[in-house]
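Subject: Structure handover

Hello,

Here is the structure for you to look through. Please open it beside this email, and follow along as you read.

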Amino acid sequence: MNKTHDNKAWFFVLPVVALVAFNAVIPLMTVVNYSVQETFGDNVFFWAGVMWFEQVLQSERFHDALFRQLAFTFTILLIEVPLGVAIALTMPKKGPWVPVCLVLMALPLLIPWNVVGAMWNIFALPDIGLLGRSLNALGFDYNFTRQPGDAWFTLILMDVWHWTSLVVLLAYAGLVSIPDAYYQAAKIDGAKPFAVFRYIQLPKMKRVLTIAVLLRFMDSFMIYTELSVLTGGGPGNSTTLLSIDLVKIALGQFDLGPAAAMSLIYFLIILALSWVFYTLMMRNEQQ
Amino acid sequence: MSLELRGVGLRAGADIHIHPTDLVCEPGSFNILLGTTLAGKTTMMKLMAGLERPTAGTVWFGGQDVTGVSVRRRNVSMVYQQFINYPNMSVYENIASPLRVAKIDEAEIKRRVGTMAELLKLSPMLSRRPSELSGGQQQRTAMARALVKDADLVLLDEPLANLDFKLREELRDELPRLFADRDCIVVYATTEPVEALLFGGHTACLHEGRVTQFGPTAEVYRNPRDLVSAQVFSEPPINIASVTKAGSVFRFGQDTEFPASGAFAALADGAYTLGIRPHHVAPTPDGDNPVPVDGHVLVTELSGSESVIHFTVQGETWVSQSHGIHPFEVGTDQRLFADMSKALVFDGDGRRIEI
C-alpha cells in the first residue's frame, strides 16, 4: 500500500497545541518559574535553585500535612468503594424504581461543593445543628470545632455522603451491563450468591471500579472547597490537608517560592500514586 | 428419564408468552426447537430448565412433578448464544466449576475435565482465560462446562448463532458426536431449518409462543400439519399461492389457470392455499405438473452450483431455488415453472389437507 507522506496534518493539531499551551503548559511553567526563584516584591527575581524544594521536603509541616492527606484518602477509599458497591448491588435492575434510585443517588453530586461544606458545617454544629445536637443529646461529647477526632469524623462523614454516589453510579453501570445469561448460568451451576458476586459481578465491574478508585483517589487528594468551609483545617492544624496547607502558604503568607515548590511536589505525588494505582489494577487484568 | 410438559403456559398480565403446550422428550433424544427470533424458544427452554415458573400446567421429569423446583436442585445445563464463561477463571477452572459446586474430589475433577477438554479440542488452552480465546473456543468451553456434569437435560440456545460460518460448520458436525453415547435429553434451539435437518431427531416448530407441530424431524418437514409449520420449516421461505378450485381447474390470480389433475381432483370446489417449496420452482419445466408462472425478478443470488431467484408473482414474493446458473436480469419479467404436483394444500384456516 502506498502511504501519503504529508506534513499538512500537523496544521490541524495546531489549535489544540495552542489551547493546551494557554490553559495548561504556560500556567504550569509559571509555577516552575516561581519554584526556582526568590522574590522580595517589585517583580525582581533571584535564582534560588532547588532551595525551596529542599525546604519543603524537609519541613515537618509538609510531612504532617502529607500524612494527614494519605490517612484521609485511604480512609475514604476504604469506606466509599465497598459501600458504593454494596449500595449498587441492592439497587433494582429494572422497573419503575430505577430512575427514582438513580436521581436520589445523583443528588449529592449535583450540590455545589461550597454548599456541601456549609450544609455540613451547620448540620454538625453542636448547639444548633441537627447532627451535633442529637449526638450531644445522646450523651456523646461531640464538638467538631474543638475536638480533632470529631472534626475528622465529620469530615469523613461529609465526604462519604458527598462522593459514595459516584462509586454507586459507576458500579451500577457495570452491574446492569452484565447479560442475564450469566446469572442464569450461575444458577444452573448451583453457585451461591457470594460466588456470583466473586466470580461474575466483581470481575465484570472491575473496569468501572478501577475508574471509580482512580477518580476518588485523585479528587480526595485535591479536596479543598468542602473542607475549607467545614473546618478550614482546624481545630489547630488537625484537618489541614495538603491543599489547605498550600493555600495558607501561597495566599496567607504569600511565600510564592515555597508554595510553587510545594505545588509541584503535590502534583508529582498525585501523578505518581495514580500511575501506581493504575498499573497495579491493570496488571491484574493481564494475568 | 423423560421430560414432559403438560399444558405448560406462561403469561404476564394480558401478554401470552407461551400458549399451553404438551410435549414429551424421550430419554436420550435430540430435540430441536425451530422458530424465528421472538418465537419463544428461549422462554420455552427456561420453562423446561426451571429458570422460569410456568403460570399454567406442570413440568414432569422422570415421572416426577418438578414444576417450581429450583433449577439449582435439578440436573440441568445450558449453553447460550452469547459465550458465557466465568471471566477471571482459566478454561480448566471454568470447566471444573460445576463439579466443584457438586463437591466432587480433585482427582475425579481432573480426569473428567481432561476427557472433556480432549473431546472439545481444548487441551492446549486449559490454562488460558476466556478473553484470550477465539469465539469458537469460548463456546467450546461453555459447552464443555455444560457437558462435564452429566446433566439429565442439556439445553442449547442457538449456540452457533454468534460464530462465523467456518466455525459454525465445524461445531455443527461435532455436536451430534458429542451426544451420541449420552442418555441425556438434548434440546437445541435454532432459527435455521437446515440445522434441524442436519441434526435429525425430533423437531418442534414454534411460532408466536405456540408449538405448531412436534414430531420426528423428517416427518415434520415432509408433512407439515399447517401452513405456519411449513413456513417455519422452510428456508428459503415457502412460496404461497392463493387459488380457487372450480371443476377441474385451479385459478391462480387473474390470468393463470392450471388443471387440478391427479390427487387434486378429489378436492371440493373452493378457496385453497398452496405451499410450494423453492426447489420445486425452476426456470425449466420439471416434475409431473409444471405450471408456468410469470413474475418480475427482484433479486438473483448465484452460487457456484445453484441459483436462487426472488421474484413477485400475483403480489406475493416467491423464491426459486434451482441447480445450475440461471442469470436472470433483475427488473425483467420472466417465466418460471412451479411443479404443482409437489404442492402442499392448506384450507382457508391454514390447516393442511392431505391428498
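One definition before we start: helices are DSSP runs of at least four residues, numbered from the N terminus. Keep in mind that this is a predicted model.

**Aromatic pairs**

A:Trp120 and A:Phe123 both lie in helix H5 of chain A, which covers residues 113-124. They sit three residues apart, about one turn of the helix. How many aromatic pairs does the structure hold over all chains? The total is 19. A:Trp120 and A:Phe123 form one of these pairs, and it is edge-to-face. Their centres are 5.2 Å apart, with 90° between the planes. Is A:Trp120 buried or exposed? A:Trp120 counts as buried, because its relative accessibility is 7% and the cut-off for buried is under 20%. A:Phe123 is partly exposed, with a relative accessible area of 29%.

Next, turn to chain B. B:Phe30 and B:Phe199 form a tilted pair. The distance is 5.2 Å centre to centre, and the planes are at 40°. This pair links distant parts of the chain. B:Phe30 is buried, at 13% relative accessible area. B:Phe199 is buried too, at 11%.

There is also a cluster to find in chain A. Ring pairs link A:Phe74, A:Phe217, A:Phe221, A:Tyr266 and A:Phe277.

**Salt bridges**

The count is 25 salt bridges over all chains. Look at A:Asp180 and A:Lys94. Their closest N and O atoms are 4.0 Å apart. What does this pair tie together? A:Asp180 lies in helix H8 (residues 180-189) of chain A, while A:Lys94 lies in the loop between helix H3 (60-90) and helix H4 (97-110) of chain A, so the bridge ties together parts that are 86 residues apart in sequence. A:Asp180 counts as partly exposed, at 44% relative accessibility. A:Lys94 is exposed, with a relative accessible area of 66%.

B:Glu192 forms one with B:Arg168, and the closest N and O atoms are 3.5 Å apart. B:Glu192 lies in the loop between strand S8 (185-190) and helix H6 (193-199) of chain B, and B:Arg168 lies in helix H5 (residues 165-179) of chain B, so the two tie together parts 24 residues apart in sequence. B:Glu192 is partly exposed, at 25% relative accessibility. B:Arg168 is buried, with a relative accessible area of 18%.

B:Arg172 forms a salt bridge with B:Glu195. Here the closest N and O atoms are 3.3 Å apart. B:Arg172 is in helix H5 of chain B and B:Glu195 is in helix H6 of chain B, 23 residues apart. Both B:Arg172 and B:Glu195 are buried.

**Charges over rings**

Where does B:Arg6 lie? B:Arg6 is over the face of B:Trp60, at 4.1 Å from the ring centre. B:Arg277 lies over the face of B:Tyr221, at 4.0 Å from the ring centre.

Best wishes

How values were computed: Residues are numbered from 1 along each chain as its sequence is written. Chains are lettered from A and ligands numbered from 1 in the order in which they are written. This is a predicted model: local features need pLDDT of at least 70, side-chain atom pairs count only at pLDDT 80 or more; totals for chains, interfaces and linings use all residues. Side-chain values use heavy atoms; hydrogens and water are left out. A salt bridge is a side-chain nitrogen of Lys or Arg within 4 Å of a carboxyl oxygen of Asp or Glu. Buried means under 20% relative accessible area, exposed over 50%, partly exposed in between (1.4 Å probe, protein chains only). Rings of Phe, Tyr and Trp (its six-membered ring) pair if their centres lie within 6.5 Å; planes under 30 degrees apart count as stacked, over 60 as edge-to-face and the rest as tilted. A charge sits over a ring if NZ of Lys or CZ of Arg is within 6 Å of the ring centre and within 35 degrees of the ring normal.
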